[in-house]
Amino acid sequence: MAEVLLGIETSCDETSAAVLVGERDRPELASLVVLSQDIHAVFGGVVPELASRAHLRALDPVVQRALAEAGLPLSSVDAVAVTQGPGLAGALLVGITYAKTLAAALGKPVVGVHHLEGHLFAPTLDDPDLEPPFVALLVSGGHTLLLDVRAWGEYRLLGQTRDDAAGEAFDKVATLLGLAYPGGPAIERLAAEGTDRFRFPRPMLHDGFDFSFSGLKTAVLYATRASTDLAADRTDLARSFQDAVIDVLVEKTARAVEHTEHPVVVLGGGVACSRALARRMSDRVRGLARVVVARPRFNVDNAAMIARAGWFRLRRGEASTHHLDANPSLPLPGLERGPAPTPTP
Ligand code: KG4
Ligand code: ZN
């Protein structure tokens, strides 16, 4: 098993590299560098070609910096882990081409990592004792997944979004309210000063474990059109929207806890940076489960979580071959879909 693992993440708009050092199942983070591409803010969303080109320019300096901060030379790297998917094809290709080339030059293994398995492993960077079974809610700009995590690498899909991802809804509503991309943090700041005056619908609240956020987004759109003083209504609109999303996320996750009887809930992905979400989740499952959330730096896209998930896969002897290719819709490894469980109403 590798003792020094270099992780690389380029699936969206963060160029990131990290170094993990250690033995067996207890690797330590030696460095993490995350470079956020700010160019997309001007466009209100990620522009794929600009993201690829920015990765191309930034990746080598970012890797060099991660090695320097770890105090290790390139020659000490024993393996390379890189995000294989899901993500933007062009952005993924930059990271994968770099990782494969580096690994080949060093004569070391490379492993392709599923981006969401990275998000799942993120809390273990702070809490190495975290072990399944647990319920995981993965909420990012591209995904909303409710998982029954029976063991590392053994996942059962309980529910997912039928349309927009939770983070995508935050970003789109932020645009409606005239806030900058990414919208989640801006909405959370505004919401703290507002009240749930608009009482938007809680989509599919009592209907299985799946989610739907596009109707909610439309409800916010109509409310902004109906507003005669948007500047004055913004805080309440942000709060009302955020409360609706959080109510649905919390209720379904709590029912998954009741259904599985797992003692832990893991929140992962960028939306898990929301302190309002973590607070409401903890209140709702108090006495049933403990809520675990990685710190924000490990929750937004970063290479430390990719390195950690790659470490797990390499320990299982799952290095990739030189055929490793980007897969924008890569299925989560070890995901069992099974018959949909019926949540208790
Ligand atoms: O996991 P992530 O960094 O990238 C993807 O894999 O998509 O997630 C980014 C998403 C964005 O949609 C952003 O608006 C959202 O996470 N986000 C938040 C908060 N911080 C980031 N959403 C709600 N509240 C927050 N505090
Ligand atoms: Zn992500």
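Predicted model: local features only at pLDDT ≥ 70, side-chain atom pairs only at ≥ 80, totals over all residues.
**Entry 1: polar contacts of ligand 1**

An N or O atom in the side chain of histidine 115 lies 3.2 Å from an oxygen atom of ligand 1. I then looked for contacts made by the backbone. At glycine 167, a polar backbone atom is 3.1 Å from a ligand 1 oxygen. At valine 271, I read 3.4 Å between a polar backbone atom and an oxygen atom of ligand 1.

I next looked up the area of the ligand. Ligand 1 taken alone exposes 560 Å², and I note that the protein buries 90% of that.

**Entry 2: site and surroundings**

Where does ligand 1 sit? I found ligand 1 in the largest pocket. I listed 20 residues around ligand 1; those that come nearest are Gly141, Asp171, Gly184, Glu188 and Gly270.

I sorted the shell by residue class. I recorded eleven polar residues, six nonpolar and three charged.

**Entry 3: which elements build the shell**

I checked which helices take part. Helix H3 (115–121), helix H4 (166–176) and helix H5 (183–191) each contribute at least two residues to the shell around ligand 1. Which helix gives the most to this shell? I noted H5, with four residues.

I finally traced the shell to the domains. Domain 1 (3–122 + 298–336) and domain 2 (131–293) each provide at least three residues of the shell around ligand 1.

Methods. Residues numbered from 1 in each chain as written. Chains lettered and ligands numbered in written order. Heavy atoms only, no water. Near = heavy atom within 4 Å. Polar contact = N/O pair within 3.5 Å; in protein donor to acceptor, adjacent residues only side chain to side chain. Areas by Shrake-Rupley, 256 points an atom, 1.4 Å probe, with all protein chains shown as cover. 1 Å grid on protein atoms, 1.4 Å probe; cavity = no way out; pocket = protein on both sides within 12 Å on 5 of 7 lines; lining within 4 Å. Sits in = over half its atoms within 2 Å of the grid points. Nonpolar A, V, L, I, M, F, W, Y, C, P; charged D, E, K, R; others polar. Domains from an automatic or database assignment.
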